[in-house]
Amino acid sequence: MAEVKPEEISHPPMEQLQGFEYCIDSNPPWGEAIILGFQHYILALGTAVMIPAVLVPMMGGSDGDRVRVVQTLLFVTGINTLLQSLFGTRLPTVIGGSYAFVVPIMAIIQDSSLAAIPDDHERFLQTMRAIQGALIVSSSIQIILGYSQLWGIFSRFFSPLGMAPVVALLGFGLFERGFPVVGRCVEVGLPMLILFVVLSQYLKNVQIRDIPILERFSPVHLHRVGLGLCSNPHCRIKIPFPLQWGAPTFSAGQSFGMVSAVLVSLVESTASYKAAARLASATPPPAHILSRGIGWQGIGILLDGLFGTGTGSTVSVENVGLLGSTRIGSRRVIQISAGFMIFFSVLGKFGALFASIPFTIFAAVYCVLFGLVAAVGLSFLQFTNMNSMRNLFIVGVSIFLGLSVPEYFFRYSMAAQRGPAHTKAGWFNDYINTIFSSPPTVGLIVAVFLDNTLEVKNAAKDRGMPWWVPFRSFKGDARSEEFYSLPFNLNRFFPPS
């Protein structure tokens, strides 16, 4: 083995990841792009199916109601993804259902006035209308924070050091959706996990017509196996439309409680945008672009409320991870996947067939994709001085508490069937139980606070701020216009500020 000279041990920090054949604004050939978009569609099915599968029966809904909610969630996911990729951050991100909304939604489901309704279908309709009303009201928070540029202003307190734990916790914090789910059917899940790693890593150089088909399309190969493990369900699904469950109902307490989930969604999406920018081989999104994306995401939650998806929206972490697994960060691929979501949600039988893939296979893929997103978060540390005890303290404490505090809330809730916060003020309980159940949110609170208060006067270089200063404003880096400008020459009417 050749001896490595000290001067050869050099890995300079880089704003953009290397090794991507197609980045955010470059496009694969149409045939390849369609298959890649289909992969993103299949991956988005996991969350679109799981959330309604848990919540709809608790609301009194039937199997038919659950299927309609799945279809509606997938339909709105397609719309929100198109809007975000065209007019929001313009990053290749899928905007899908969020688990962050489960706590306040559970509080609505357990509301005494709704739980007392004797007829199951009527209870489902009334509960869905209450959830819709809370989503519609709470969506205004993200809309205001986004379009007023307040979130962009707040993002100026972020540094590479502060964001590294937050983005890392985006992946690490989802560990319970990985191997614990694989273990429920280990005879299927474990072989799928091993197969995914082998196809995407060890056999990545296998090519047909210069296309690494095993690396780039490994999720499709896995899900083809999944289709062989399930039967073709027969169902008829109606086309979603606004207010399909009836007129929303509004309650101040329920709306205040839902705001907590909106704030968690905002934090998680911010971290996801940072990760997606790196995995799309783009520069970090400037403050204005981040605010624009949050504003459109607020509109997405408003659409969730109008259509009745049963939950709110956030950036899909698994789809962000798939950008890294395939090494394709093209925006067009995500827009094609949005087309699949809308198309298959209308053609119900086909959508139901793909949605019947065993969730164990999704979990096997998650084990890799969530790990990739976590690693992207850790990659921000290359811009910082990790020989500084100050920085080691901030990173270590924020990651540890980001995992430990939500785990405490989870175990407490499982044992007591309620969250640690259990006062007479229901909205306050929802705030505490939702915010501190989110690893990225706890990580952001701890990391950003410590990073901006602990020996901060002379620590700008150690925090990595010189690397991110050019990306605070839209015109700070010439590449921002290439990556983030609005289509159809709309920048003339909505100039970056």
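**Exercise 1.** Which residues does Thr 283 touch, not counting residues up to four places away in sequence?

*Solution.* The model is predicted. Start with the position: Thr 283 sits in the loop between α12 (252–279) and α13 (287–307). Next, list the contacts: Gln 16, Ala 277, Phe 471, Asp 477, Arg 479, Ser 480, Phe 483 and Tyr 484. Last, check the accessibility: buried means under 20% relative accessible area. Thr 283 has 0%, so Thr 283 is buried.

**Exercise 2.** Work out which residues make the nonpolar surface patch, and classify Val 186 as buried, partly exposed or exposed.

*Solution.* The patch is made by Phe 179, Val 186, Leu 190 and Ile 194, and covers about 320 Å². Helix α9 (residues 186–202) supplies the largest share, three residues. Val 186 is found in that helix. Its relative accessibility is 36%, so Val 186 counts as partly exposed.

**Exercise 3.** Compare the span of helix α18 with the expected value, then describe its ends and its cover.

*Solution.* Helix α18 (residues 389–416) has 28 residues, and at 1.5 Å a residue 40 Å is expected. From first C-alpha to last, α18 reaches 39 Å, close to that value. After α18 comes Gln 417, with a positive phi near 60°. Buried residues of α18 include Ile 394, Val 395, Ser 398, Ile 399 and Gly 402. Among the elements covering the buried residues are α7 (160–172), α17 (359–379) and α20 (439–453).

Technical notes: Residues are numbered from 1 along each chain as its sequence is written. This is a predicted model: local features need pLDDT of at least 70, side-chain atom pairs count only at pLDDT 80 or more; totals for chains, interfaces and linings use all residues. Side-chain values use heavy atoms; hydrogens and water are left out. Helices (H or I, at least four residues) and strands (E, at least two) are DSSP runs, numbered from the N terminus. Buried means under 20% relative accessible area, exposed over 50%, partly exposed in between (1.4 Å probe, protein chains only). Contact means heavy atoms within 4.5 Å. Patches are made of residues with over 30% relative accessible area and no salt bridge: like charges are joined within 9 Å, nonpolar side chains (Val, Leu, Ile, Met, Phe, Trp, Tyr) within 5 Å. Accessible areas come from the Shrake-Rupley method with a 1.4 Å probe; for residues, only the protein chains shown count as cover. A salt bridge is a side-chain nitrogen of Lys or Arg within 4 Å of a carboxyl oxygen of Asp or Glu. The expected span of a helix is 1.5 Å times one less than its number of residues. A polar contact is a pair of N or O atoms within 3.5 Å; within protein, one must be able to donate a hydrogen and the other to accept it, and residues adjacent in sequence count only if both atoms are side-chain atoms.
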